[in-house]
Amino acid sequence: MTPTMHLRDLQPADAQRIDDLAVSAFEQFKGAYTDWPGFRSKISTMSALAGTGEIIVAELDGVIVGAVAYIGPGKEKAAFFRPEWPVMRMLVVAPEARGRGVGRALAEECLARARRDGADSFALHTSELMQVALPMYERMGFKWLAPAPDIHGVKYGIYLKELNKAST
């Protein structure tokens with residue numbers, strides 16, 4: 001039987017699971033970051049993004065397997081993003097749940113919320129290190145726009161998707 005996926009907003013009781021999930025999702029890249037302990041410390045507080053955005057949680061058969069933070073237009077975000085852009089931060093999927101469409105569903109929900117908020121475009125930043133996520137974003141219509149500041153030695157780029165054009 002195929003597991004049932006359900007997306008919902010973060011509940012306070014989910015915070016520790018989301019924080020742990022963020023670390024486990026990035027663990028495979030720890031050798032790429034020059035200061036893994038420092039980076040790990042930052043990502044281990046993913047649930048704190050609920051203070052400026054909406055954290056969307058993905059469940060498969062009632063088990064949390066993914067999450068993403070949607071930061072709407074006009075909300076506080078990194079200076080390399082335009083204030084009017086809604087952005088996606090920290091899309092994470094549990095290693096054991098990869099390949100089941102969880103990341104795509106979370107990204108699509110962020111795009112739906114951006115449309116709800118009347119945005120014309122949507123931004124994110126990611127790295128070529130993300131060999132599954134980056135091609136997925138590109139298939140969804142995101143285009144490289146500019147370099148973003150490196151994070152602990154890993155190069156990142158800003159990607160933008162125009163929402164007033166046909167989207168998938």
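Buried means under 20% relative accessible area, exposed means over 50%, and partly exposed is in between, with a 1.4 Å probe and protein chains only. By that rule His125 is buried, because its relative accessible area is 18%. His125 sits in strand 5; strands here are DSSP runs of E with at least two residues, helices are runs of H or I with at least four, and both are numbered from the N terminus.

Before I go on, this is a predicted model, in which local features need pLDDT of at least 70 and side-chain atom pairs count only at pLDDT 80 or more, while totals for chains, interfaces and linings use all residues. Residues are numbered from 1 along each chain as its sequence is written, and side-chain values use heavy atoms, with hydrogens and water left out.

Back to His125. What is His125 in contact with, leaving aside its neighbours within four places in sequence? The list is Phe80, Phe81, Arg89, Ala148, Ile151, Tyr156, Gly157 and Ile158, where contact means heavy atoms within 4.5 Å.

Next, helix 1. Helix 1 covers residues 15–26, so 12 residues, and spans 17 Å from its first C-alpha to its last, close to the 16 Å expected at 1.5 Å a residue. The expected span is 1.5 Å times one less than the number of residues. Buried in helix 1 are Ile18, Asp19, Leu21, Ala22, Val23, Ala25 and Phe26. Those buried residues pack against helix 2 (36–43), strand 2 (54–60), strand 3 (63–71), strand 4 (87–93) and strand 7 (154–162).

Now the largest pocket. Its volume is about 1,000 Å³. A pocket is an open set of points on a 1 Å grid over the protein atoms alone, where a 1.4 Å probe fits, with protein on both sides within 12 Å along at least five of seven lines; lining residues have an atom within 4 Å of a point. The volume is the space filled by probe spheres set on the points. Which of the 44 lining residues are closest to the centre of the largest pocket? They are Phe26, Met90, Leu91, Met130 and Tyr137. Strand 4 gives the largest share of the lining, 6 residues. By class, the lining has 28 nonpolar, 9 polar and 7 charged residues; nonpolar here is Ala, Val, Leu, Ile, Met, Phe, Trp, Tyr, Cys and Pro, charged is Asp, Glu, Lys and Arg, and polar is the others, Gly among them.

Met90 is in strand 4. At 16% relative accessibility, Met90 counts as buried. Its phi is near 55 degrees, a positive value in a residue other than glycine. His152 also has a positive phi, near 45 degrees, and lies in the loop between strand 6 and strand 7.

Last, the aromatics. The structure holds 9 aromatic pairs. Rings of Phe, Tyr and Trp (its six-membered ring) pair if their centres lie within 6.5 Å; planes under 30 degrees apart are stacked, over 60 edge-to-face, and the rest tilted. Trp36 and Phe39 have ring centres 6.1 Å apart and planes at 50 degrees, so this pair is tilted. Trp36 and Phe39 are both buried. Tyr70 and Phe122 are stacked, at 6.3 Å centre to centre with 5 degrees between the planes. That pair links distant parts of the chain, Tyr70 in strand 3 and Phe122 in strand 5, 52 residues apart. Finally, ring pairs join Phe26, Phe29, Tyr33, Trp36 and Phe39 into a cluster.
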